[in-house]
Amino acid sequence: ACTAKNLLLSNRLARLNVITALSITLPFALFLGVFGNDLLQLISHNQLNADGLLFIGLSLAATLNAVWIALATLLISMNQQGLFSYHYFIAATVLIAIIVLSPWDKSLTSAWGMASVEAGMVGIVSWRIKIKGLIHVNH
């Protein structure tokens, strides 16, 4: 569909990919966001405890990752992953440096930092598929 410039089919496939990713990811993300600390205490026999913000950040990062990966399949199907892979590599490398050097809680910084990176990737991949003309965006 992408190679043939069939925008109608490309739009449908992109929408289906995102809906499928969200339908699979959101229930687990909601469960983890709500019951993450309880689950952690259960499996660690009350030896570990974490802030609820950690699980919300991890849930958000996983959900955003699923969205941009679903959108990226349009580029990957045309062997155009180079249009976004370097952005992810640089963002992840910068995040690692921030985590190592930051005085803040490492787990919260990691979770919310990854959520930020994944949100950025949603924007970058959306921008790239729009510029490549793989989908039509109605304003």
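Among contacts in the protein between residues at least 6 apart in sequence, what percentage join residues at least 24 apart? The share is 69%, where a contact means heavy atoms within 4.5 Å. The structure is a predicted model, in which local features need pLDDT of at least 70 and side-chain atom pairs count only at pLDDT 80 or more, while totals for chains, interfaces and linings use all residues. Residues are numbered from 1 along each chain as its sequence is written, and side-chain values use heavy atoms, with hydrogens and water left out.

The protein contains four helices and zero strands, and its elements follow the order α-α-α-α from the N terminus. Helices (H or I, at least four residues) and strands (E, at least two) are DSSP runs, numbered from the N terminus. Along the principal axes, the C-alpha atoms fill a box of roughly 55 × 35 × 25 Å. Of the 139 residues in the protein, 32% are buried; buried means under 20% relative accessible area, exposed over 50%, and partly exposed in between, for a 1.4 Å probe and protein chains only.

The protein exposes about 8600 Å², of which carbon and sulfur atoms supply 71%. Accessible areas come from the Shrake-Rupley method with a 1.4 Å probe, and for residues only the protein chains shown count as cover. The protein carries 7 positive and 4 negative side chains, and the centres of the two sets lie 30 Å apart. In this count Lys and Arg are positive and Asp and Glu negative, whereas His and the chain ends are not counted; each charge is placed at NZ of Lys, CZ of Arg, CG of Asp or CD of Glu.

A nonpolar patch on the surface is formed by Phe31, Val34, Phe35, Leu39, Leu42 and Ile43, which together have about 620 Å² of accessible area. Patches are made of residues with over 30% relative accessible area and no salt bridge, with like charges joined within 9 Å and nonpolar side chains (Val, Leu, Ile, Met, Phe, Trp, Tyr) within 5 Å. A salt bridge is a side-chain nitrogen of Lys or Arg within 4 Å of a carboxyl oxygen of Asp or Glu.

The loop between α1 and α2 (52–76) holds histidine 45, which has a positive phi of about 55 degrees although it is not a glycine. Histidine 45 counts as exposed, at 65% relative accessibility. Asparagine 46 is also placed in the loop between α1 and α2. Its phi is near 65 degrees, a positive value in a residue other than glycine, and asparagine 46 counts as exposed at 61% relative accessibility.

Isoleucine 69 lies in helix α2 and counts as partly exposed, at 37% relative accessibility. Isoleucine 69 and glutamate 118 are 49 residues apart in sequence, and their C-alpha atoms are 9.6 Å apart in space. Alanine 97, located in helix α3 (residues 82–101), counts as partly exposed at 37% relative accessibility. Alanine 97 and methionine 78 are 19 residues apart in sequence, with 33 Å between their C-alpha atoms.
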